[in-house]
Amino acid sequence: MSKGILYDATLCIDCKLCERACAEHHGLPYDDPIAAEEVQSAHKLTVVMAQGDKYMRRLCMNCQDPTCASVCPVGALRKTVEGPVTYDSSRCIGCRYCMLACPFSVPKYEWNKPLPLVRKCDMCADRVAQGLPTACAAACPTGATKFGDRDALLAEAQDRIAKSPDQYVRHIYGRNEVGGTSVLLLSSVPFERFGYKTDLGSQSLPLLTYRVLSHIPNLVAVGSVLLGGIWWITGRRADVAAAEGRPGKGRATGGEK
Amino acid sequence: MTRFKFTFWKGVLAVILLAGAYATVLRFARGLGASTHLSNAFPWGLWIGFDVMCGVMLAAGGFTLTATVYIFHLEEFKPIVRPTVLTAFLGYVLVVVALLYDLGRGYRIWHPLVMWNPRSVMFEVAWCVTLYTTVLALEFAAVIFEQLRLEKLLRIQHAIAVPLVIAGVLLSTLHQSSLGSLYLIVPDKLHPFWYSPLLPVLFFVSAVCVGLAMTIFESCMSSRHFGKQLELPLLVRLGRALLVAVLVYSVLRFEDLFQRGAYRLFALRSYETDLLLLELIMGLVIPIVLLLIPKVRQSAGGLYLSSVLVLLGFVTNRLNVTITGMEGSAGVRYFPKWTEIAITASIVGVAFAIFALAVKYLPIFSAAELRPAQPEPEAAELLHARS
């Protein structure tokens with residue numbers, strides 16, 4: 001059901017057609033200087049990085065349980081059932097918490113605009129909703145970027161590693177990282193070489209904050225009773241002291257007299 | 001003498017505001033890229049780290065003191081409630097002003113109130129800060145009603161005072177701790193000196209420390225600049241509470257550093273180690289030593305020094321969490337651009353100016369206080385005898 005992208009770096013030829021297709025689909029400019037940029041930015045949502053004859057793509061991983069969607073205070077970022085993590089720019093207040101929180105540091109900002117927005121790859125949610133593959137997968141001439149059902153792609157990735165174990169590092173990046181991602185990566189060189197963190201763990205990050213947030217209703221209920229109780233007891237103590245003629249301060253229920 | 005001083009500070013404020021005005025134009029005409037050193041690698045800087053994180057923390061005196069007076073019925077502290085509530089209210093209003101600079105689309109600042117995402121810590125903070133600022137405004141409204149002799153409104157305000165205070169304490173507990181929870185989501189990005197599952201607890205306890213320190217600091221400043229009688233016996237008691245609060249925080253903090261094994265990183269002398277030591281020594285170790293000495297604890301000067309150190313220490317802590325601790329994983333060094341500093345300084349300057357004006361024109365320091373207070377030494381002796 002849930003869709004995904006499998007990128008196999010061993011099949012990539014660095015033609016950058018995925019970059020061009022992505023820019024076209026998202027209405028972004030694309031020319032030679034931009035093609036030469038090797039970092040993601042607000043105007044370049046995916047990049048092909050090269051180190052000698054080894055290549056690696058970078059795009060939004062479209063996490064299964066996305067950190068960005070959990071931290072966004074206005075729900076601008078959402079995980080769709082088809083897989084893509086979408087961004088509703090009409091909600092965004094520009095707080096950049098998604099940028100801070102994303103374990104892959106994917107969301108980028110329009111720093112030079114007076115009214116900036118966040119930009120990130122949305123796995124071509126509009127195309128995917130119509131049953132089409134993402135623009136990058138459709139443009140890929142070698143099949144290095146492949147679109148399909150995530151489960152099927154995962155099985156295929158395992159298969160490829162099993163068939164040619166010396167050609168790949170034994171790691172499907174995105175299978176378990178932070179609870180799994182819709183984008184899966186295969187590589188012949190360690191992922192760290194291209195700046196991918198391999199120590200992210202398999203727990204989804206939103207749990208870390210949810211665990212704390214879920215205590216709030218209890219805290220409010222117990223807290224109000226506790227504070228009210230203290231107010232009552234300490235107030236009564238002062239009243240009793242006053243009635244017994246001991247030097248007490250009497251009860252005060254509010255403002256100054 | 002006073003007059004010259006006043007003019008001097010007015011001059012300083014004018015220069016700061018001028019720089020701030022230029023920075024404001026730059027910020028809104030050319031965007032955050034032109035007016036800050038923020039980048040894709042480092043999206044949160046001084047405005048979040050200082051203006052918001054420290055701003056909210058420094059305004060914690062409001063809930064600490066209203067709880068002391070209205071919930072715990074320690075009425076002797078009443079004379080200093082008003083200036084503290086005023087500072088808290090100003091603090092929160094200015095935090096919102098800072099947010100308008102920092103948010104890419106400040107005109108949508110109200111969005112979290114209607115576009116919900118209850119899984120987001122930021123959503124919760126937005127709601128709490130909105131509600132708490134309202135609570136502070138209502139608490140402070142008494143002063144305005146009194147000035148304008150609006151008896152009926154004043155009576156209504158009195159009637160809801162206690163529920164208001166309880167709501168204020170709860171809301172403060174929630175968002176002071178949640179500012180720490182914001183960083184629970186970045187276990188792989190925040191340096192182990194500062195990332196801890198205890199972040200919300202540490203942020204809350206430190207807010208209480210800072211609330212007490214800020215109240216002492218403010219009383220000392222007010223007595224110096226507004227000719228207000230110093231409430232030394234009250235400050236001495238606040239000083240004792242501060243000592244206990246800082247001790248509690250220290251136990252939590254050091255135990256946490258030890259249990260997570262972060263202390264091992266001390267061996268590697270690094271930029272982070274230096275700034276952690278600065279935070280721990282300045283904000284915890286020295287104030288604890290100072291406050292443990294009875295002579296220091298019972299003198300205005302000693303209390304002033306200790307509270308300033310606590311404030312600086314915890315400001316360093318917030319900046320360490322938001323900036324120092326995030327630089328390593330970002331792979332960049334961040335130092336604010338001068339325009340960022342100009343806007344922060346302007347906001348702080350405006351806060352001081354409004355406070356001074358409010359003290360001048362509103363009954364902030366209640367009439368009782370302006371009468372010559374009982375001779376200080378006597379009160380101090382009495383207190384000494386009791387403790």
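A salt bridge here is a side-chain nitrogen of Lys or Arg within 4 Å of a carboxyl oxygen of Asp or Glu. Keep that rule in mind for the tour. The model on your screen is predicted. Its scores are ipTM 0.90 and pTM 0.91.

**Stop 1: chain B.** Select chain B and colour by pLDDT. The mean is 90, and 93% of the residues of chain B reach 70 or more. Now select residues 367-387 of chain B. Here the pLDDT is below 50. Beyond near neighbours in sequence, this stretch has 17 contacts in the model.

**Stop 2: the interface.** Show chain A too. Contacts link 58 residues of chain B with 64 residues of chain A. The two chains bury about 5500 Å² between them. Carbon and sulfur atoms give 62% of that area. Next, pick B:N40, B:R119 and B:I185. Together they supply 14% of the area that chain B buries against chain A, more than any other three residues.

Stop 3: How many salt bridges does the rule find across the interface of chain B and chain A? There are two. For a salt bridge, select A:R96 and B:D102. Their side chains meet at 2.8 Å, N to O. Polar contacts between chain B and chain A come to 30 residue pairs, both residues at pLDDT 80 or more.

**Stop 4: the helices.** Stay on the side of chain B that touches chain A. Several helices each supply at least two residues to it, including α1 (2-30), α5 (81-102) and α7 (121-148). Which helix gives the most? Select α9(B), which gives eight residues. Finally, colour this side of chain B by residue type: 33 residues are nonpolar, 12 polar and 13 charged.

Notes: Residues numbered from 1 in each chain as written. Chains lettered and ligands numbered in written order. Heavy atoms only, no water. pLDDT = per-residue confidence, 0-100. Contact = heavy atoms within 4.5 Å. Buried area = accessible area lost by both parts, 1.4 Å probe. Polar contact = N/O pair within 3.5 Å; in protein donor to acceptor, adjacent residues only side chain to side chain. Helix = DSSP H or I, 4+ residues; strand = E, 2+ residues; numbered from the N terminus. Nonpolar A, V, L, I, M, F, W, Y, C, P; charged D, E, K, R; others polar.
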